[in-house]
Amino acid sequence: MRECWRWFGPLDRITLPQIAQTGASGIVTALHDIPAGEVWPRAAIDARRALIDTAGLGLHWAVVESLPVHDRIKRGEGDLAPLFANYRTSLENLAAAGIETVCYNFMTVIDWVRTDHDLPMRGGALALGFSTARMAAFERHMLGRDIGSDYPPEAIAQGDAWFAASSQADRQALLGRIMAGLPGSYDRFSVAGLRAELARYEGQTKDRLRSNLGRFLDEVIPTAERLGMRLCIHPDDPPRPVFGLARIVSTEEDLDWIISRADSPANGLTFCSGALGASRANDLGRIARRFAAKVHFLHLRSVATADDGSFHEAAHLEGEADLPDLVAIFLHEEARRRAEGRSDADLPFRPDHGHEMLSDIGAGAHPGYPLIGRLRGLAELRGVIAATRLGQG
Ligand SMILES: [Mn+2]
């Protein structure tokens, strides 16, 4: 398993020499400054790769996360031929630079959602979390949505009580934390802006969203396959509807639909134990065993869930995900690939998120991406991997 680290590029406060000190060798990054839908030019890809290669640190660009899918493709809106052509050109440019693994997602409007960025853990570390009560309060009282039975009745009642007691500052802070998951920019939607954006997805049912993903796969998978690339879709985070938006990458059945939709080695999955693990209906071990052959990239972390669907991000070896079991499954898969002489037998993985802790506090990392918290996760996983390898002989 190839130890990787997500780096947000030259503007990331965490530097390549710091990443080298964590022991990771693979860099996971993207050209975040290029708007979704535009071509990633060969020169820009080469410049990013050169930054990583020429640092003399033994690092290489292992995975693109993410090559974003334009919202119009997700909505199936208008003439999409130029957008599909641009995506294929970006894949060709990445392949020419030697990059083979490309992560993407099919979440609409917002990439990930948390209501809390600073839940106190033991000794003062801070974790990300999702409260169904406060999400229900936000949707019902700030967004003005009819949330019907989207959330459990007790969560809705708790959310009503939270809202009634909240100050204007509490509400603004909640809006800021929820909107932090907006992709690609630091513009935060206002409530009015979010409402307008959501209106563009009215009538976008699960079936329609699936057919739009199917069309995307039809358009790009043959090119990826010809280039020897591996696309890997990231699950919805959290794996439940938010803002009433349809979700199609949340369950085992969803993953089966995606894999069955295009039978190609280029059509694969990012196995994110944290995103999938936030739903108790997902049996992580079962999903990992079932789809191991289609997994091209691993995000390893663990969450602790509550009865009402709330969760928080636990330390990597705590919470409910059995990461040692998942590591064993994927080491086994690597051995199987190696026996077949495959070139993709070294699976890239990264510690996906970590607590803000020690010198992370106040250091201003991206939410979920602090230096020390992820270093702790990576080091623990490295130990698990080494011990499991010994056990598997
Ligand atoms: Mn993930």
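The legends below describe several close-up views of one predicted model. Residue numbers start from 1 in each chain and follow its sequence as written. Because this is a predicted model, local features need pLDDT of at least 70 and side-chain atom pairs count only at pLDDT 80 or more, while totals for chains, interfaces and linings use all residues.

View 1. The domain assignment gives domain 1 as 2-112 + 201-329 + 345-392 and domain 2 as 116-199, with bounds that come from an automatic or database domain assignment. The C-alpha centres of these two domains are 24 Å apart. In domain 1, 26 residues are in contact with 26 residues of domain 2, where contact is taken to be C-beta atoms, placed from the backbone, within 7 Å of each other. The side of domain 1 that touches domain 2 is made up of 13 nonpolar, eight polar and five charged residues; here Ala, Val, Leu, Ile, Met, Phe, Trp, Tyr, Cys and Pro count as nonpolar, Asp, Glu, Lys and Arg as charged, and the others, Gly among them, as polar.

**View 2. The closed barrel of eight strands.** The strands of this closed barrel follow the order β1-β2-β3-β4-β7-β8-β9-β12, with parallel pairing, and the twist from one strand to the next averages 30°. Strands are DSSP runs of E with at least two residues and helices are runs of H or I with at least four, numbered from the N terminus, and two strands pair if DSSP finds at least two bridges between them. Strands β9 (residues 295-300) and β12 (residues 348-351) are joined in the parallel sense by three bridges, and H299 has R350 in β12 as its bridge partner. Helix α2 (residues 42-53) lies across β2 (26-29) and β3, and runs at about 135° to β3, an angle taken on a scale from 0 to 180 degrees between the N-to-C directions of axes, which are lines fitted to C-alpha atoms, for helices over the stretch in contact.

View 3. With β3 (residues 60-65), strand β4 pairs in the parallel sense over three bridges, and V63 has T101 as its bridge partner in β4. With β7 (residues 230-234), β4 pairs in the parallel sense over five bridges, and Y104 stands opposite I233 in β7.

View 4. A nonpolar core is a set of buried Ala, Val, Leu, Ile, Met, Phe, Trp, Tyr and Cys residues joined through C-beta atoms within 7 Å. The largest one has 91 residues, of which C4, I27, V64, V102, L298 and L326 touch the most other members. Helix α9 (residues 206-226) gives the largest share of this core, seven residues. Domain 1 and domain 2 both contribute residues to this core, so it lies between them. Leaving out residues up to four places away in sequence, V102 touches V64, L67, L91, L94, M229 and L231. F216 is found in helix α9 and, with 24 C-beta neighbours inside 10 Å, counts as buried. Beyond its neighbours within four places in sequence, F216 is in contact with V69 and I73. The C-alpha atoms of F216 and Y104 are separated by 12 Å, although these residues are 112 residues apart along the chain.

**View 5. The open sheet of four strands.** This open sheet has the strand order β5-β6-β11-β10, with antiparallel pairing. Strands β5 (116-120) and β10 stand at the edges with a single partner strand each, so one side of each has no neighbour in the sheet, and the twist averages 40° from one strand to the next. Strand β6 (residues 126-130) pairs with β11 (residues 311-314) in the antiparallel sense over two bridges, and G129 has H312 in β11 as its bridge partner. Strand β10 (residues 302-305) runs antiparallel to β11 and is joined to it by four bridges, with A304 opposite H312 in β11. Five residues lie between the strands in the hairpin of β10 and β11, where G309 takes a positive phi near 95°.

Conventions:
Buried ≥ 20, exposed ≤ 12 C-beta atoms within 10 Å, placed from the backbone. Contact = placed C-beta atoms within 7 Å.
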